[in-house]
Amino acid sequence: MTSVSASGQGAEYAATASEAYQAALRVIETVEPRVAEATRKELADQRDSLKLIASENYASPAVLLTMGTWFSDKYAEGTVGHRFYAACQNVDTVEALAAEHARELFGAPYAYAQPHSGIDANLVAYWAILATMVEAPGLAEMGAKHINDLSEADWEKLRAKLGNQRLLGMSLDTGGHLTHGFRPNISGKMFHQRQYGTDPTTGFIDYDAVAASAREFKPLVLVAGYSAYPRRVNFAKMREIADEVGATLMVDMAHFAGLVAGKVFTGDEDPVPHAHVVTTTTHKSLRGPRGGLVLATEEFAPAVDKGCPMVLGGPLSHVMAAKAVALAEARQPEFRTYAQAVADNAQALADGFVKRDAGLVTGGTDNHLVLLDVTSFGLTGRQAESALLDSGIVTNRNAIPADPNGAWYTSGIRFGSPALTTRGFGADEFDRVAELVVEVLSNTQPAAGPNGPSKAKYTIADGVADRVHAAASELLEANPLYPGLTL
Ligand code: PLP
């Protein structure tokens, strides 16, 4: 297939980026050569591994270079045109651009570009939902106009009075994120939480079960979105459920924002027209810098705008500038080609596993990720992850629904197509990846530790890791990362 590489803009672009990086590394070398060396090595390592971590990608040189500037030196608490610091006119420019691109790209009424990461974006969203929903009658009685005016004692009274600080989110083992109400996480502490899961037989979300749970629990917030659910979500149905019980629908699209941006997920599968608040990271399938974004309806915008300094530290202006560049890239027609290829390639990978009899959670995929149940190979996730890494294949272990091996050792391996699709891999290459993965796992055996059976130790049959690594290198060399970029 045609390359949809992050640096696929031609030889001149690559040559200019090479000059920029060579110069930058020479400057760094004058102070701490070991950092320059590690930076060179990181590129070499990334170039030589099959990166299948579903939450990772390769941002373009334009995005990466934007992060290395003096915007990093600027404090800019507040919002565009309304800062707690002087001389923020240029930060205003880049933050406004990032927000404008985000609004246009996603068709959202409002966008907030300051969150430093996905978790921060979720915290801002939770804060905004609480702040907005409790601005209802009750505050005035306490002599306050806004939640920010409340004293600690008022907060106590308010929690008692509200009686609903409840959150219903997807459970971690069925694919939800820690911040969706997982009990040890702050989201599971600031809210009374309840979790919904997936149908034990099919592995799919059972919307009737979510609705029944919502009717019983009456949450303030219904959270949809996932880190490890290999299927699309019907956000129109989620909104119906939220409306029926008077909840706010928050969608965390951190993983699949690229598929929304690239119009692979439209209609009921596009969260933006259905949710009150949408959060995302910018560095996964969206292929931007590490960071977060919040999109919201007009109703929630004023509270989201208070993210910094209520929830977040000072905005990372250099990263907001890079978000503006990445979102501008995502508005180009090529990004739609990329996003469609991400979905097609995940499908090819899943088909490659299925035809080789490897067990998949839900039996397949229709988004960018595939969850392999490695119990079909007699392994734990930890053993499989390590054996694959020995063979040049970078993945991460992940719990599967009702995981018999718990969240540390796990029974699954999560694969994602965004990064290798950026390198230009197509369906044939992803089928070959499935073949290599199956070759490694079917030649890996659990091994005993000093005290008997171990969930971490393993052995790989002689020669397999080297053979697979060599085959992986062939695929990688045919689809180079940042072609033409030399250090
Ligand atoms: N939300 C979801 C659904 C995620 O998968 C992740 C990351 O793994 C996050 C939030 C957190 O993102 P970050 O690591 O940028 O804080």
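For sorting residues, Ala, Val, Leu, Ile, Met, Phe, Trp, Tyr, Cys and Pro count as nonpolar, Asp, Glu, Lys and Arg as charged, and the others, Gly among them, as polar. With that in hand, the shell around the ligand in this predicted model divides into three nonpolar, seven polar and two charged residues.

**The ligand and its shell**

- The residues around the ligand are Ser-117, Gly-118, Ile-119, His-177, Tyr-226, Ser-227, Asp-252, Ala-254, His-255, Thr-281, His-283 and Lys-284.

**Lys-284**

- Lys-284 sits in the loop that runs between strand E9 (277-281) and strand E10 (292-296).
- An unreviewed UniProt entry places the feature "modified residue: N6-(pyridoxal phosphate)lysine" at Lys-284.
- Why does Lys-284 count as buried? Its relative accessible area is 13%, and buried means under 20%.
- Setting aside neighbours within four places in sequence, Lys-284 is in contact with Ser-55, Asn-57, Ala-254 and His-255.
- Of these partners, Ala-254 and His-255 are also listed among the residues around the ligand.

**Asn-398**

- Asn-398 belongs to strand E13, which covers residues 396-398.
- Asn-398 is buried because its relative accessibility is 14%, under the 20% cut-off.
- Beyond its neighbours within four places in sequence, Asn-398 is in contact with Ala-228, Leu-371, Asp-403, Thr-410, Ser-411, Gly-412, Ile-413 and Arg-414.

**Tyr-21**

- Which helix holds Tyr-21? The residue is found in helix H1, made up of residues 11-29.
- Tyr-21 has a relative accessible area of 19% and so is buried, the limit being under 20%.
- Not counting residues up to four places away in sequence, Tyr-21 touches Pro-61, Leu-64, Leu-65, Leu-485 and Leu-487.
- From Tyr-21 to Asn-234 the separation is 213 residues in sequence and 43 Å in space, C-alpha to C-alpha.

Notes
Residues numbered from 1 in each chain as written. Predicted model: local features only at pLDDT ≥ 70, side-chain atom pairs only at ≥ 80, totals over all residues. Heavy atoms only, no water. Near = heavy atom within 4 Å. UniProt positions renumbered as here; feature names shortened; annotations may be inferred. Helix = DSSP H or I, 4+ residues; strand = E, 2+ residues; numbered from the N terminus. Buried < 20%, exposed > 50% of the residue type's maximum accessible area, 1.4 Å probe, protein only. Contact = heavy atoms within 4.5 Å.
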